[in-house]
Amino acid sequence: AAQSIDLAPVRPGDVFSFNALVGIRSEEGGYRPGLMYSSGDLVTGIGGGICIVSTLLYNAALEMGLEIVERHPHSGPVSYAEPGRDAAVSFGWADLSFRNNTDNLILIRARVEDDQVKVALYGRKRPGRTVEIVSEGYEEIPYKIFEKEDETVPEGQLLVEQKARPGYSVTTIRLIGQDGKLVSREVVSRDTVLPRSK
């Protein structure tokens with residue numbers, strides 16, 4: 001996925017689409033099984049894990065002040081992004097797309113080094129401009145514990161099939177300043193992400 005978007009140019013006014021560039025995730029295309037969410041449950045599927053790439057790209061676009069056209073939260077909490085800062089992608093259903101609302105060409109760089117994914121956007125910085133992303137109204141949603149009998153587990157022992165993570169509701173705000181003055185306060189998203197049960 002990183003290789004697919006690396007060196008992609010986004011011209012002024014153009015909309016970048018993650019799914020359009022990355023395409024269908026298939027074994028023939030080099031994708032392997034990984035963990036992904038399906039209706040809030042963790043499952044294994046081809047291309048599971050590439051949302052790390054889309055999430056990093058989303059945060060770079062947010063922090064550059066680009067117009068977010070489409071973005072979706074995961075149906076459950078993820079460990080690699082702050083609440084409200086993830087971007088789920090699924091071909092044919094959920095895309096990450098943003099518009100280059102600057103007057104200059106933007107270049108995407110994405111690569112994997114030492115088992116770490118790195119994503120960056122390159123363009124021309126506007127003098128005196130600042131972008132800050134903040135969270136408001138964070139509320140944690142507690143998880144539930146479900147137990148069931150399993151004859152394959154010795155009596156008196158417990159087997160955890162899925163580790164729990166609490167859910168949350170949060171509002172993400174983008175503040176754009178110019179020469180020390182606030183010029184824009186944008187509600188980027190209001191997310192409610194259900195907990196992952198144990």
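Is α3 mostly covered or mostly uncovered, and how many of its 14 residues are buried? I looked this up before anything else. The model is a predicted one. In it, α3 is mostly covered, with 10 of its 14 residues buried.

**Entry: helix α3**

I listed the buried positions of α3. They are C51, V53, S54, T55, L57, Y58, N59, A60, A61 and L62. I then checked the length of α3. At 1.5 Å a residue, its 14 residues should span 20 Å, and the end C-alpha atoms are 20 Å apart, so the two agree. After α3 comes G65, and the phi of G65 is positive, near 85°. I also looked at what α3 packs on. α3 lies across β7 and β8, and runs at about 30° to β8.

I followed β7 and β8 into their sheet. Three strands make an open sheet in the order β1-β7-β8, with antiparallel pairing. β1 (9–10) and β8 are the edge strands, each with a single partner, so one side of each has no neighbour in the sheet. I found 2 bridges between β1 and β7. V10 has I106 of β7 as its bridge partner.

**Entry: the nonpolar core**

Which residues touch the most other members of the largest nonpolar core? I found I5, F16, F18, L57, F98, I108 and L121, in a core of 29 residues. At least two core residues come from each of α1 (2–5), α2 (18–22), α3 (51–64), β7 (106–113) and β8 (116–122). α3 gives the largest share, 7 residues. As background, nonpolar side chains tend to be buried together in soluble globular proteins.

Beyond its neighbours within four places in sequence, F18 is in contact with A1, I5, G23, R25, I50, V53, S54, L57, V89, D95 and L96. I note that I5 and L57 are on that contact list, and both are also among the core residues that touch the most other members.

**Entry: strand β10 and its partners**

I moved on to β10 (residues 167–178). β10 is mostly covered, with 11 of its 12 residues buried. What does β10 pair with? I found β9 (residues 129–141), antiparallel to β10 and joined to it by 11 bridges. In that pairing, I133 stands opposite R174 of β10. I also found β11 (residues 181–193), again antiparallel to β10 and joined by 11 bridges. Here Y168 stands opposite V193 in β11.

Last, I checked the turn. β10 and β11 form a hairpin with 2 residues between them. D179 sits in that turn and has a positive phi of about 55°.

Technical notes: Residues numbered from 1 in each chain as written. Predicted model: local features only at pLDDT ≥ 70, side-chain atom pairs only at ≥ 80, totals over all residues. Heavy atoms only, no water. Buried < 20%, exposed > 50% of the residue type's maximum accessible area, 1.4 Å probe, protein only. Helix = DSSP H or I, 4+ residues; strand = E, 2+ residues; numbered from the N terminus. Pairing = 2+ DSSP bridges. Core = buried A, V, L, I, M, F, W, Y, C linked by side-chain atoms within 4.5 Å. Contact = heavy atoms within 4.5 Å. Expected span 1.5 Å × (residues − 1). Axes fitted to C-alpha atoms, helices over the stretch in contact; angles between N-to-C directions.
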